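Please keep the sequence and the three-dimensional view at hand while reading.

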Amino acid sequence: MGEGEEAAMGEFKHLVIVKFKEGVVVEDIVKGMKKLVSEIDAVKSFEWGQDVEGQEMLRQGFTHAFLMTFNKKEDYTTFASHPSHVEFSATFSAAIEKIVLLDFPTVLGKAPAA
């Protein structure tokens with residue numbers, strides 16, 4: 001990686017894509033996540049959504065995406081080891097049938113319009 005690319009590196013993202021088990025009340029899970037991120041200052045932002053456009057074949061059963069943004073990897077490490085996160089993870093894991101989890105430093109490909 002060249003020096004120019006290093007400068008383009010930005011935040012650190014925690015992306016979780018899930019298929020919940022039958023009967024899970026997603027609102028309760030989201031409420032728990034909102035409470036969690038409000039308790040941990042290391043989380044810069046939190047957003048989530050439910051798939052409404054994806055074709056079933058491409059979606060592979062996954063329905064929801066959760067994205068947390070951190071200023072740097074160390075902030076994510078702080079979040080991941082926080083007692084509230086450890087506790088919530090057990091609840092979250094119990095509600096999930098399938099999961100994809102990616103943790104990555106971002107590289108800015110296109111800057112947001114001012």
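The model is predicted: local features need pLDDT of at least 70, side-chain atom pairs count only at pLDDT 80 or more, and totals for chains, interfaces and linings use all residues. Residues are numbered from 1 along each chain as its sequence is written, and side-chain values use heavy atoms, with hydrogens and water left out.

The overall architecture comes next. The protein chain contains five helices and four strands, where helices (H or I, at least four residues) and strands (E, at least two) are DSSP runs numbered from the N terminus. Read from the N terminus on, the order of these elements is α-β-α-β-α-β-α-α-β. Taken along the principal axes, a box of roughly 50 × 35 × 25 Å holds the C-alpha atoms of the protein chain.

UniProt, in an unreviewed entry, lists residues 12-104 as "domain: Stress-response A/B barrel". UniProt positions are given in the numbering used here, feature names are shortened, and annotations may be inferred rather than shown by experiment. Within the span 12-104, 42% is helix and 33% is strand, and its end C-alpha atoms lie 6 Å apart.

Of the 114 residues of the protein chain, 31% count as buried; buried means under 20% relative accessible area, exposed over 50%, and partly exposed in between (1.4 Å probe, protein chains only). A contact means heavy atoms within 4.5 Å. Among contacts in the protein chain between residues at least 6 apart in sequence, 79% join residues at least 24 apart. As for charge, the mean positions of the 12 positive and 18 negative charges are 3 Å apart. In this count, Lys and Arg are positive and Asp and Glu negative, while His and the chain ends are not counted; the place of a charge is taken as NZ of Lys, CZ of Arg, CG of Asp or CD of Glu.

Strand β3, which spans residues 64-70, includes H64. H64 counts as buried because its relative accessibility is 5%. The side chain of H64 makes polar contacts with the side chain of Q50 at 3.4 Å and with the side chain of T63 at 2.7 Å. A polar contact is a pair of N or O atoms within 3.5 Å; within protein, one must be able to donate a hydrogen and the other to accept it, and residues adjacent in sequence count only if both atoms are side-chain atoms. Not counting residues up to four places away in sequence, H64 touches several residues, among them V16, I17, V18 and W48.

F66 is also found in strand β3. Is F66 buried or exposed? F66 counts as buried because its relative accessibility is 2%. Beyond four places in sequence, the residues that F66 touches include H14, F20, M33, F46, W48 and F92. The C-alpha atoms of F66 and F20, 46 residues apart in sequence, are 13 Å apart in space.

W48 belongs to strand β2, residues 45-50. With a relative accessible area of 38%, W48 is partly exposed. Leaving out residues up to four places away in sequence, W48 touches V30, K34, H64, A65 and F66.

F79 lies in helix α4, residues 73-81, and counts as buried at 1% relative accessibility. F79 and V43, 36 residues apart in sequence, have C-alpha atoms 7.1 Å apart. Apart from residues up to four places away in sequence, F79 touches H14, L36, I40, V43, M68, F70 and H85. F88 has its place in helix α5, residues 83-94, and is buried at 13% relative accessibility.

Q60 is found in the loop between α3 (56-59) and β3. Q60 has a positive phi of about 55° although it is not a glycine, and it is exposed, with a relative accessible area of 52%.
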